[in-house]
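I opened this entry to keep a record of what I looked up and under which criteria.

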Amino acid sequence: MTSRRRALTMAVALAALAAVPLAAAALNQPFYLDLFRRIMIFAIAAVSLDIILGYGGMVSLGHAAYLGIGAYAVAIPALHGLHSAWLQWPLAMALSGLAALVIGAVSLRTSGVYFIMITLAFAQMLYYVGISIEPWGGDDGMRLPGRSRLGGPLDLGDPHVFYYVVLAILAVLLLAGERVIHARFGTVIRAVKSNEARLQAIGVASFRYKLAVFVLAGAVCGLAGALLANQTEYLTPSYMHWTRSGDIMVMVILGGMGTLAGPVLGAAAFLLLENVLSAWTVHWQAILGPLLVLVVLYARGGLWSLVPGGGARDG
Amino acid sequence: MRTLKGALILVLVAGLLAAPARAAETLKIGFITSLSGPAGIIGKHMKDSVELALDHLGRKVGGLETEVIYGDDQRKPDVGKQLADEMLKKHRVHFVSGVIWSNVMLAVAPTVTGAGTLMVGTNAGPHELAGKMCHELYFTTSWQNDQTPEAMGKYMQDQGLTDVYAMAPNYAAGKDMISGFKRYFKGKIVGEVYTKLGQQDYQAEITQLRAANPKVVFVFYPGDMGIQFLKQYAQAGLRGQIPLYSVYTVDEISIPAVGEAALGNFETRYWSPDLKNEANAKYVGDFKKKFGYTPTFYGAQSYDGIMLIDSAVRAVKGDLSNKKGMVAAMRKADFKSTRGKFAYNHNHHPIQNFYLLRSVKGAGGEIEMQIQKPVFENHKDAYHQDCPMKW
Amino acid sequence: MTGLLVVEQLLNGLQLGVMLFLVAAGLTLVFGIMNLVNLAHGSLYMVGAYFAVAFLGWTGSFAAAVVLALLATLAVGMLVEVVALRTLYERDHLDQVLATFGLILFFNEAVAIVWGRAALFASVPPALGGFVELLPGLRYPVYRAVIILVGLAVALLLYVVVSRTRLGMLIRAGASNRTMVAALGVNIRLLYTIVFGFGAALAGLGGLMAGPIYTVQPGMGEELLIEVLVVIVIGGIGSIRGALVGAVVVGMVDTLGRAFLKPMLATVVSPAAADSAGPALASMLIYILMAAVLYFRPQGLFPAARS
């Protein structure tokens with residue numbers, strides 16, 4: 001599966017996403033614009049998780065913590081009248097990255113199930129802190145006083161502009177991801193996953209690389225959190241709950257981990273399924289559950305491996 | 001052939017021209033609640049009540065064919081908002097109703113009112129929407145969150161009870177309940193304890209409680225936390241010893257799960273299944289007949305929500321574009337509510353009575369809530385002064 | 001703060017710990033022996049509680065309900081193992097986490113479909129409803145004392161079975177080297193099914209004992225599952241001794257934290273600050289404990305030796 005074919009498939013997918021607003025307008029269904037925008041925001045979060053999960057083998061159940069941090073990094077400045085996206089969004093990435101640095105420094109000393117549990121623990125700690133802080137609404141959460149301002153014609157209040165901004169960020173992320181994966185940095189990370197002992201034997205300080213990619217993933221997820229706050233115009237500490245991390249992880253696995261496009265597909269599949277199934281029946285989780293089991297057992301590469309042009313993981 | 005074709009076209013055109021004498025619009029109501037997960041039981045109560053209201057109205061609200069679209073918010077504010085968006089933009093509903101949780105409501109209500117659509121909340125009562133964020137298009141058929149514990153505080157203050165030990169979960173609603181209680185209760189509080197949200201085992205807290213030697217215990221433990229606390233309080237032998245007063249803890253959902261452990265407990269509420277008025281007798285009686293279980297206040301509020309919408313649509317004679325007319329009609333609260341007659345305050349929250357309830361063994365031997373006496377008559381919420389609306 | 005109060009809280013902590021151990025033992029057994037992370041363990045706990053309520057309704061006898069519920073949970077466990085989990089033994093932990101997470105979703109809804117979403121009625125049997133005077137002035141509920149005894153009995157039973165019986169020897173051998181044991185003619189598949197069923201029965205026992213004091217409703221296992229995972233991580237995965245020590249430590253820390261942290265904080269900061277910081281800190285305490293343990297001993301307190 002050549003990288004040219006993969007690039008072509010990705011280009012087609014991005015073009016399809018770009019066409020959604022036009023289709024929505026043609027069908028007079030503006031709701032789909034909102035739905036796909038939300039899908040793309042979670043796709044960004046899912047891709048950031050895949051970087052450490054699919055490529056690096058680090059199973060973090062605390063990833064949603066950065067969604068929350070990113071969201072609050074937008075809301076709290078806005079509360080004090082600071083609406084500029086150029087301040088809020090880099091702040092979201094910086095704070096999330098910092099949190100990831102602290103969490104990673106402690107957690108990456110462990111591995112396997114221990115790592116899963118300790119990342120879960122950190123997420124829960126942040127969640128409990130969040131619901132206790134009253135000036136920021138506690139678990140009632142807080143309203144976003146106003147969407148982030150990008151300046152000039154880029155008004156996020158316009159649903160179409162907001163949509164294309166998110167699409168642009170997703171596209172940049174995917175392109176940047178492609179380059180990183182195939183650069184030295186990405187090679188080291190993938191080597192960590194396949195045999196860390198051997199890597200250390202040849203003199204590579206794997207811990208530093210793991211921490212670096214952990215921080216990077218956290219920062220990107222923080223950006224997703226900032227976008228989510230803008231999307232919902234409302235945020236609560238529940239954005240940081242470990243079950244959210246579980247949702248994002250399901251998106252990665254469903255879509256195909258260890259790929260860049262997989263999580264995007266997974267986010268779309270998960271959120272669309274949730275939307276459609278829950279309108280059908282109250283017991284939709286009884287359908288989603290076994291579906292998940294079947295994908296894990298029998299469709300190892302996720303949905304991406306079923307797409308023509310998709311398939312084998314990168315390395 | 002040509003004449004046949006011509007005739008066909010004529011018939012088609014005639015049909016198209018005749019079509020605009022169209023049937024009246026279908027009224028669409030979006031109802032957002034939690035249908036899956038552990039809180040799904042509350043959603044079921046609300047949905048069943050909405051269905052009963054539709055039955056009572058002959059499936060026509062305000063005289064119009066009605067379609068209710070249910071959405072499951074999974075207790076998540078961003079899912080609630082997505083549902084609101086879907087109902088507004090895809091289904092083009094004329095009303096949005098429901099919502100159990102305050103944090104979901106704070107995400108949904110501004111979305112709905114911001115789009116110029118009427119919202120009738122049927123449970124959550126966050127103080128922001130009663131105060132600063134009140135809106136012409138937002139009404140509620142339930143209460144403002146603090147009103148219920150205020151009633152309890154007043155009752156205990158009037159009774160001269162003292163040495164109170166207060167407990168609630170450590171989250172926004174828990175803190176609101178205790179502060180609402182303290183707004184009217186000025187006596188001595190020997191302990192104020194906040195426990196972890198979702199905590200299952202209260203043995204440690206109960207041990208501390210006994211050591212503090214209170215005369216009365218006041219708690220707020222909704223849902224499964226309440227069931228656990230009530231069971232453990234009784235098992236520790238405290239049920240007969242120290243009277244237990246609560247809000248949103250002992251209700252028709254928790255009583256079947258705890259049985260005798262709930263006997264003798266006091267609550268305050270604006271409604272009870274045994275509240276005597278025509279609309280309530282019909283609601284409770286038909287509900288039990290159709291669904292086989294006793295309804296709760298979640299259901300009564302949802303039933304009232306549909307009836308309120310019905311009164312509004314009737315008042316404008318089905319002209320759903322006349323929003324001002326519907327708002328004016330709703331402000332009159334001119335419908336038969338399950339709580340009896342009530343009025344709306346200028347912030348679109350009810351001015352209503354609150355009663356002291358007790359769980360006792362009813363005539364059939366079952367445990368049920370019964371009204372003991374009124375505590376507040378025509379009680380207004382504490383945040384209405386912050387609402388700038390005037391009419 | 002009297003000495004008697006502290007003693008009672010210590011007992012409470014022990015009881016909470018033992019309850020956690022009952023559920024943790026099955027999970028760590030399955031993990032240690034079959035290298036399977038089973039998140040649906042919490043669902044088996046739930047199933048045990050539901051069966052107990054159902055059988056009590058049919059038979060009217062608490063003793064019969066307990067036996068039948070244990071057998072039924074054992075059966076359900078073995079069925080799940082055969083149908084859904086066999087292929088997962090060779091997979092990595094992530095796949096196991098996800099597949100068993102899917103099982104959780106399924107079980108929660110299945111239970112809601114059969115018994116409805118409302119919490120079921122479950123109460124302490126009248127025979128165990130009283131109090132026992134352990135020390136002058138210290139009255140402790142009989143039921144909770146029974147839980148402590150049952151938990152310790154199970155710990156003893158597990159120790160005897162695993163280290164003193166032939167079955168235990170097979171289990172330990174299978175854990176170290178599965179292929180060798182199979183080559184020696186032992187039916188490894190059957191062995192694993194039995195072990196899993198046994199683990200499920202332990203979870204079910206925890207569930208049916210918890211039912212009368214907690215709630216019996218869909219999703220009742222999830223809150224507990226997190227605490228149980230914390231316990232086995234602290235104790236060391238695969239070690240039953242670790243599970244017992246970890247459980248008691250977690251139970252104690254959690255209970256004493258909830259009871260005494262706020263009063264202790266109030267001596268150094270203002271009462272208002274203690275009011276909000278105290279509960280928040282108390283709810284985070286077991287996570288802080290776990291992070292601390294893993295920092296110094298990344299494999300837990302008693303890591304089970306594996307080859």
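I took contact to mean heavy atoms within 4.5 Å. The model is predicted, with pLDDT of at least 70 needed for local features and 80 or more for side-chain atom pairs, while totals for chains, interfaces and linings use all residues. Residues are numbered from 1 along each chain as its sequence is written, chains are lettered from A and ligands numbered from 1 in the order in which they are written, and side-chain values use heavy atoms, with hydrogens and water left out.

**Entry 1: C:Leu285.** I located C:Leu285 in helix 11 (residues 271–296) of chain C; helices (H or I, at least four residues) and strands (E, at least two) are DSSP runs, numbered from the N terminus. Leaving aside neighbours within four places in sequence, I found C:Leu285 in contact with C:Val253 and C:Gly257. I also looked up C:Arg258, 27 residues from C:Leu285 along the chain, and the C-alpha atoms of the two are separated by 9.2 Å.

**Entry 2: helix 4 of chain C.** This helix covers residues 93–115, 23 residues in total. From first C-alpha to last it reaches 32 Å, close to the 33 Å expected at 1.5 Å a residue; the expected span is 1.5 Å times one less than the number of residues. At its start, a side-chain oxygen of C:Asp92 comes to within 3.1 Å of the backbone nitrogen of C:Asp95. After the helix comes C:Gly116, with a positive phi near 85°.

**Entry 3: chain A against chain C.** I noted 35 residues from chain A and 39 residues from chain C in the contact. The two chains bury about 3,500 Å² between them, 77% of it on carbon and sulfur atoms. Buried area is the accessible area (1.4 Å probe) that two parts lose on being put together, summed over both. I found zero salt bridges between chain A and chain C, a salt bridge being a side-chain nitrogen of Lys or Arg within 4 Å of a carboxyl oxygen of Asp or Glu. Four residue pairs are in polar contact, both residues at pLDDT 80 or more. For that term I used a pair of N or O atoms within 3.5 Å; within protein, one must be able to donate a hydrogen and the other to accept it, and residues adjacent in sequence count only if both atoms are side-chain atoms. Helix 5 of chain A gives the most to the side that touches chain C, with twelve residues.

**Entry 4: chain B against chain C.** Here 35 residues of chain B are in contact with 39 residues of chain C. The buried area is about 3,000 Å², 47% of it on carbon and sulfur atoms. In chain B, B:Lys196, B:Gln200 and B:Gln235 lose the most area to chain C, together 19% of what that side buries. I counted five salt bridges between chain B and chain C; one of them joins the side chains of B:Asp201 and C:Arg144 (3.0 Å, N to O). Polar contacts come to 19 residue pairs, both residues at pLDDT 80 or more.

**Entry 5: disulfide search.** I found one disulfide over all chains, with the term set as a pair of cysteine sulfur atoms within 2.5 Å. It joins B:Cys134 to B:Cys387, S to S 2.0 Å. The link of B:Cys134 and B:Cys387 is right-handed, with 85° about the S-S bond.
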